[in-house]
Amino acid sequence: MGMSMAPLIVPIAIVSAIGAALAASLVFAERVITNYGDVVLDINNGDKKITIRGGGSLLETLTTQKIFIPSACGGRGTCGYCKVRVLEGAGQLLPTEEPYMDDKERALGIRLSCQVKLRNDLKIEIPTELLTIKEYRCTCDEIIDCTYDIKQFKLKFLDGQQINYTPGQYVQVLAPLYEKSNEEVYRAYSISSDPEDKSAIELIVRRVPDGICTTYLFDYLKQGDSVKINGPYGQFYLRDTSAPIIFIAGGSGIAPIKCIVHHMKNTGNTRKSIFFFGVRTTADLFLDKEMTQFAADLPHFRFVPVVSQPESETDWKGTTGRVTDVAEAYLNEQKDASDYEGYLCGSPGMIESSISVLTRFNIPEDRIYYDKFS
Amino acid sequence: MTPGNHMLHLLVILFASIFTDNILLARFLGMCSFLSVSRQVKTAVGLGFAVVFVMTFTTALDWFAYRHVLQPYGIEYFRFILFIIIIAAFVQFIEMAIERYSPALYQNLGIFLPLITVNCAILGASLFMVIRDYNLIEGVVFGFGSGAGWMLAIVTMAGIREKLNNARIPRGLQGPGITLIIAGLMALAFIGFTGVLSGQ
């Protein structure tokens, strides 16, 4: 038996031994050669200082610190997403980074964080919103039908986690693998709930026919299931000025505005504000009671639901027409129309026509805020 | 064989591996990095040097492993696995060393090393060396020549692709399509060298 096995075992042993010896020498070499000692990573001019063992790439080091830089290729330098501004200590731009940089980015010292190695102390600058982005595990606490194609999902954070976000921002929901989808995808949804409650968030989602994530949310997610999200993201939040506000939203675009209005109520905001909420038919109308209540509680906030195609004259007593036309008519009556700040959320078409209305009243584009999702 | 003949023999191997029997254009090995990293001459030169360097050394290492380990034990059939392990370990090691001790060299050569760990041309050179029964010196000359031939091909391709940036290419042919057609034309051009010399 021993004799007959020998021709099999000896070759395998030899090759394995060589492999093991090479692996061991590599491990040894890594210890000795790539030991760069501790280096200091300075983020945003001293905001955060991390002392860490050098040698790894900037991207993986930031990930171990729970700072998530967007990256699609996993650090191979082929997607060009993981851009970070390095102020000091990164050396020259590498040939692997060059194709992804334009002249402006070169001048600013923008680098691909997957290609920059932590060999010495490094000073970097990243958008502060990336510092607060985290991954959260939640359970689906409640699902409410808002209309025939819009649902509201309440997600409660597990493990006593809390989220800190600016009202108006959005999160990304992970749609896991399920029967009809063989890839994991993230989709963005605005937070609609009262920002006072940091232990849970609500999202308002319209069903997209054959959408990977909305099909998962509508047909597969049950109360009590766990959900993974990350965030918060986005530049859509109430600016701290005293300018009058015009909100324009369509359908599920009401979500971030509801959150902002909650916040205005919580903080006793007295800014003059009006919210035009456009839907197609009365069957598409939802949250109007809550909004009317806000209008009663906040002295300078007005809520105007606008239905473009009411089923019958008797059915709908409110404003009829296209939401942008109604907003235009309102601005026409204002003496100070150009002082307004515009906050828009809805389909790309609605956002574009709203922008053209607002700019016609000389509202500068840098005072019109929106997040484009699709 | 007289010393003069011997030199001539090595020269024949060198030129054959660069021109007539180009590992990329005649054997179609190392296509993936050839297609993906041939957009700029500068990067192509860097990658080319990395391949020359790695091929020269790994043919030598693989020759030792083959002659002094695999052949004595009669286990030549393990050459695929062993060669791959040796190449991967060598590339890793060199990358670490260059990164640490020579930032300038790392800038120009080192960052390309991870890209070629799994370049099949490098394994191919070692396997051809074994098939053709080269001795150590012949093997190293062959490895160097194959690397230089690969570099010649990718730098030429990058030069052509830089010119193509200004050319109007039909939409369906843009990107990999036109690149593969050019690679084919280059291979045809290199057939012209066939018969001038033979390394075998």
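Predicted model: local features only at pLDDT ≥ 70, side-chain atom pairs only at ≥ 80, totals over all residues.
Two residues count as in contact here if their C-beta atoms, placed from the backbone, lie within 7 Å. Leaving aside residues up to four places away in sequence, L203(A) touches F153(A), Y189(A), I191(A), S192(A) and A255(A).

L203(A) also belongs to the largest nonpolar core, which has 61 residues. L203(A) is among those with the most contacts inside this core, along with F247(A), I248(A), I257(A), F275(A), F276(A) and F277(A). Helix 6 of chain A, residues 254–266, supplies the largest share, 7 residues. Two domains of chain A, domain 2 (133–233) and domain 3 (245–370), each give the core at least three residues.

Now turn to the strands of chain A. Strand 1 (residues 38–43) and strand 2 (residues 48–53) run antiparallel, joined by 6 bridges. Their hairpin has 4 residues between the strands. One of its residues, N44(A), takes a positive phi near 50 degrees. Strand 1 also pairs with strand 5 (residues 122–125); these two run parallel and share 3 bridges. I43(A) has partners in both neighbours. Its bridge partner in strand 2 is K48(A), and in strand 5 I43(A) stands opposite I124(A).

How confident is the predictor? Chain B averages a pLDDT of 87, and 96% of its residues score at least 70. Among the elements of chain B, helix 8 (residues 136–164) has the highest mean, 94. Helix 5 (residues 103–108) has the lowest, 76. For the complex, the predictor gives an ipTM of 0.76 and a pTM of 0.54.

Notes
Residues numbered from 1 in each chain as written. Chains lettered and ligands numbered in written order. pLDDT = per-residue confidence, 0-100. Core = buried A, V, L, I, M, F, W, Y, C linked by C-beta atoms within 7 Å. Buried ≥ 20, exposed ≤ 12 C-beta atoms within 10 Å, placed from the backbone. Domains from an automatic or database assignment. Pairing = 2+ DSSP bridges.
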